Amino acid sequence: MEYISTRGSAPPLDFAGATLAGLASDGGLYVPREWPSFSKAEIAAMAGLSYAELAARIMAPFVAGSLDEARLLELCRAAYGRFAHAAVTPLKQLDEQQWLLELFHGPTLAFKDVALQLLGLLFEEFLARGDENLTIVGATSGDTGSAAIDAVAGRAKVDIFMLHPKGRVSDVQRRQMTTVLAPNVHNIAIEGTFDDAQAMVKRMFNDPAMTGRFNIGAVNSINWARLMAQVVYYFAAGLQLGAPHREIAFSVPTGNFGDVFAGYVAAKMGLPVAQLIVATNVNDILHRALSSGDYSQGTVTPTAAPSMDIQISSNFERLLFDLNGRDGPALAAQMAGFESTKAMILTNVQREGAAALFSSCRADPDEMSRAIRWAWEASGELLDPHTAIGLHAARASGIAREVPVVTLATAHPAKFPEAVERATGHRPALPARVGDLFERAERCADLPGDYAAIADYVAAHAVPKG
Ligand SMILES: *Cc1c(COP(=O)(O)O)cnc(C)c1O
């Protein structure tokens, strides 16, 4: 499979190249040249596969030319063998229509493990074929950092530099990063906010002094391989609920539009998706874009669902590209306009195309708490705040009774115990597999919120290009 940039001028790459590159050189995002698709009979034949087998079957067309299906299956078995539940992403019923797809059984208790555990293995596989090292640089407000660090710790030929805003991530989140003592893991606490950290990472991706010396890679969801791995669990849930013979709706707690874009890809590949509900908190740029065509950046309001406190959703660009006839130069102009004015109006074609599959819903803190309480009272399930926003949107969607609605449960409730306890009176316990987190030693560099200091630190610890 060949990958092309949404902005039309970066060179096409194969799957291995797109995985190692992250962002395209024209500032765009890589997407497959075409969507592979499965017939109804092919989807029906997937029933009963293990998660790893299903993953290899779904992803094989995307990796063709870079990996054969047998090797892909080995990597999937290794990645998903680390999950604490034999079903990897088990489905739970809440009432006659509502279901939860639990994506938090990986090592760091957030759905990001599903894609990042595989991505770590893909990096190692592709780097082993050449002489180069990879320098991953990322910023995190919590979940991405811990999942990415767990996925690449101790792997050959890759270093990871993860910036987090000092004092602004939870103790659990910080310790999940800083207690990983593998020599290729470099945690950096910076003075400032998440946006400051993110801005420094973006600057490094565009700094020729750094990109000329190091192969800088990405682990956030601009990396196509992450979205690809997330397509699998839409099929896993759909198959259990009667696909390909029955339509299923999904409600997705959304920040960067990565997870829900994977649902769009699943629909393109033939999964009968009745609707994709984009659930946001009060940081509602996507709800405004999908309901009125107004994609304009507001200021970030901190909430109990911090992974959704986002005002620019990088992966929305992939949808706009696909809906606009895949016209790279037109999208490059539209994005340049957005980057200079921080606002854009979707074209009619984009609005109508999105409306055919997507709906959206914004939950305020009260609605979030009520959804946590409802799930607890209706079925004894404790939900984290992100999942609760998804469930609120699912229940408010008004989808016909005969269509099952699956809410993606994106984090374990014990990652956000205060909000859960406030809503239900019950404090969720950390699973035993992370139980000794508070006894382990930590390692982290403290740096000022200053680009030169960060760049010097990375340059002093990373392996230069060969
Ligand atoms: C990252 C994250 C999200 C948002 O996912 P996107 O792919 O960025 O839309 C939602 N919930 C949790 C718990 C997350 O960690």
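## The largest cavity

The largest cavity of this predicted model is lined by Thr-254, Gly-255, Thr-280, Asn-283, Asp-284, Ile-285, Leu-286, Met-308, Ile-310 and Ser-313. By class, this lining divides into four nonpolar, five polar and one charged residue, where Ala, Val, Leu, Ile, Met, Phe, Trp, Tyr, Cys and Pro count as nonpolar, Asp, Glu, Lys and Arg as charged, and the others, Gly among them, as polar. About 40 Å³ of space lies in the largest cavity, and the count comes to one cavity of 30 Å³ or more.

Cavities and pockets are found on a 1 Å grid over the protein atoms alone: a cavity is a set of points where a 1.4 Å probe fits but cannot get out, a pocket is an open set with protein on both sides within 12 Å along at least five of seven lines, and lining residues have an atom within 4 Å of a point. Grid points are joined across faces, edges and corners, and a volume is the space filled by probe spheres set on the points.

## Basis of the values

Residues are numbered from 1 along each chain as its sequence is written, and side-chain values use heavy atoms, with hydrogens and water left out. Because the model is predicted, local features need pLDDT of at least 70 and side-chain atom pairs count only at pLDDT 80 or more, whereas totals for chains, interfaces and linings use all residues.

## The second largest pocket

The second largest pocket has a volume of about 470 Å³ and is lined by 24 residues, of which Leu-20, Ala-21, Leu-23, Asn-215 and Ile-216 lie nearest its centre. Its lining comprises 14 nonpolar, seven polar and three charged residues. Both α1 (15-21) and α5 (112-127) supply at least two residues each to this lining; helices (H or I, at least four residues) and strands (E, at least two) are DSSP runs, numbered from the N terminus.

## The ligand site

Of the 14 residues around the ligand, Lys-112, Asp-143, Gly-255, Asn-256 and Thr-410 come nearest, a residue being near if one of its heavy atoms lies within 4 Å. The shell around the ligand has four nonpolar, seven polar and three charged residues.

Polar contacts are pairs of N or O atoms within 3.5 Å; within protein, one must be able to donate a hydrogen and the other to accept it, and residues adjacent in sequence count only if both atoms are side-chain atoms. A nitrogen atom of the ligand is 2.9 Å from an N or O atom in the side chain of Thr-410, while an oxygen atom of the ligand lies 3.1 Å from a backbone N or O atom of Phe-257, and a polar backbone atom of Gly-258 is 3.3 Å from an oxygen atom of the ligand. Taken alone the ligand exposes 390 Å², of which the protein buries 96%, with accessible areas from the Shrake-Rupley method with a 1.4 Å probe; for residues, only the protein chains shown count as cover.

## Two open sheets

An open sheet of three strands runs in the order β2-β1-β3 with antiparallel pairing, two strands being paired if DSSP finds at least two bridges between them. The edge strands β2 (13-14) and β3 (30-32) each pair on one side only. Strand β1 (residues 2-5) pairs with β3 over three bridges, and Ser-5 has Tyr-30 in β3 as its bridge partner.

An open sheet of five strands has the order β9-β6-β7-β8-β16, with parallel pairing. Its edges are β9 (216-217) and β16 (445-447), each with a single partner strand, so one side of each is left without a neighbour in the sheet. Strand β6 (residues 134-139) pairs with β9 in the parallel sense over two bridges, and Thr-135 stands opposite Ile-216 in β9.

## Backbone features in loops

Most residues other than glycine have a negative phi, and most peptide bonds are trans. The peptide bond from Ala-243 to Pro-244 is cis, with omega near 10°, and Pro-244 lies in the loop between α10 (224-240) and β10 (248-253). Lys-157, in the loop between α6 (143-152) and β7 (158-165), has a positive phi, near 65°.
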